[in-house]
Amino acid sequence: MSARQRIAPVLGFATVGALSLGLTACSGSGGDDGLTTIGFVAVGPEGAWREANETDIQDTFTADAGYELKYAPATNLDQKSQIDAFTSFVDEGVDVILLSATEATGWEDSLKRAQEAEIPVILLDRGIEPDDTSLYVTRIAPDNFEVSTAVADWAVSAFPNGANYFVLEGPAGVSVVNERNEGFDAVVGGESSFVRVGSQTANWSTGEAKSVVETVLKSNGDDVQFIFAQNDEMGLGAVQAVEEAGLTPGEDVKIATIDGTENALEALAADELSFVAEYNPLFGAMTLDVVEKVLAGETVESSIVVPSAAFDSPESAESALAGRK
Ligand code: AHR
């Protein structure tokens, strides 16, 4: 019996999500081989965090586990390629769609089509804007507001007399970028001794972040004490720029990042970075649990938070590195 044939009980689900999703009866056919078909509209190559996340999803939804995962990474982060993949999954009648959106806006029509086709959609990591929870089952992700608030709280304790700071942002239009700004500003925004000398996107990239920070240090006469990089790769670029400016990362300029990748923890262990807030990428098991609940007609929360840690010292980084996947 394919997953779709099992979905009939979803009507139970209809009481919660489905009502909002308008799920009335099931039409997908699932795999002829009895495997449950999952369409994964993914981001694709984008750095260490993304690789860890998407590999974990692919390692979870295997044939042995009863699944056929159709992995569709975006072409050069291009949203149109994602919408095309999403559309073909709906036309194909997959059992469930997983979506990690490269852009937050522009998903209403696609999500409504999935709804009409009675295909539950689960958001992974990235959110949509406007955040209409009636258009998807749940979003599984660490809490970006909370993760960046942890960075801000650390900064306030690390700089009791305040600091001139700069923010390296991810790409414009990505939900997590907005959420991380909100969380950070909610704390530092209220601190008059913290002076924002600027912010700029560096597209999650080490190289772009290096050149942005080189310019910032030159134009501010090195009078920048703190850099908040919204991901590890950009933070490592900031370290390079600070060093090439003849300054000492961790002393003259403290750099905090988000993700918790191996390279960043090694840089923290070496005192180059000063704080790393983990954005836990390993949520394959949680996603599997949700998929099974949804297919069994159970209800799930519209937001499921993946727990994440934070590292504020070389020692904490070293112990984390010891057991890292
Ligand atoms: O959406 C999560 C972000 O995307 C990660 O923090 C970043 O490294 C990735 O590219």
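Tutor: Let's start with Asn231: one of its polar side-chain atoms lies 3.1 Å from an oxygen atom of the ligand, a polar contact here being a pair of N or O atoms within 3.5 Å; within protein, one must be able to donate a hydrogen and the other to accept it, and residues adjacent in sequence count only if both atoms are side-chain atoms. Asp259 has a polar side-chain atom 2.5 Å from a ligand oxygen, and for Arg126 that distance is 2.7 Å. The protein covers 99% of the 280 Å² of accessible area that the ligand has on its own (Shrake-Rupley method, 1.4 Å probe).

Mind you, this is a predicted model: local features need pLDDT of at least 70, side-chain atom pairs count only at pLDDT 80 or more, and totals for chains, interfaces and linings use all residues. Residues are numbered from 1 along each chain as its sequence is written, and side-chain values use heavy atoms, with hydrogens and water left out.

Now the whole shell, meaning residues with a heavy atom within 4 Å of the ligand: Glu46, Trp49, Arg50, Asp125, Arg126, Val176, Arg180, Trp204, Asn231, Asp259 and Tyr279. By class that's four nonpolar, one polar and six charged residues (Ala, Val, Leu, Ile, Met, Phe, Trp, Tyr, Cys and Pro count as nonpolar, Asp, Glu, Lys and Arg as charged, and the others, Gly among them, as polar). Helix 3 (48–60) and helix 7 (175–188) each supply at least two of the shell residues; helices are DSSP runs of H or I, at least four residues, numbered from the N terminus. Domain 1 (4–141 + 280–307) and domain 2 (144–279) each give at least three residues to the shell, with bounds from an automatic or database domain assignment.
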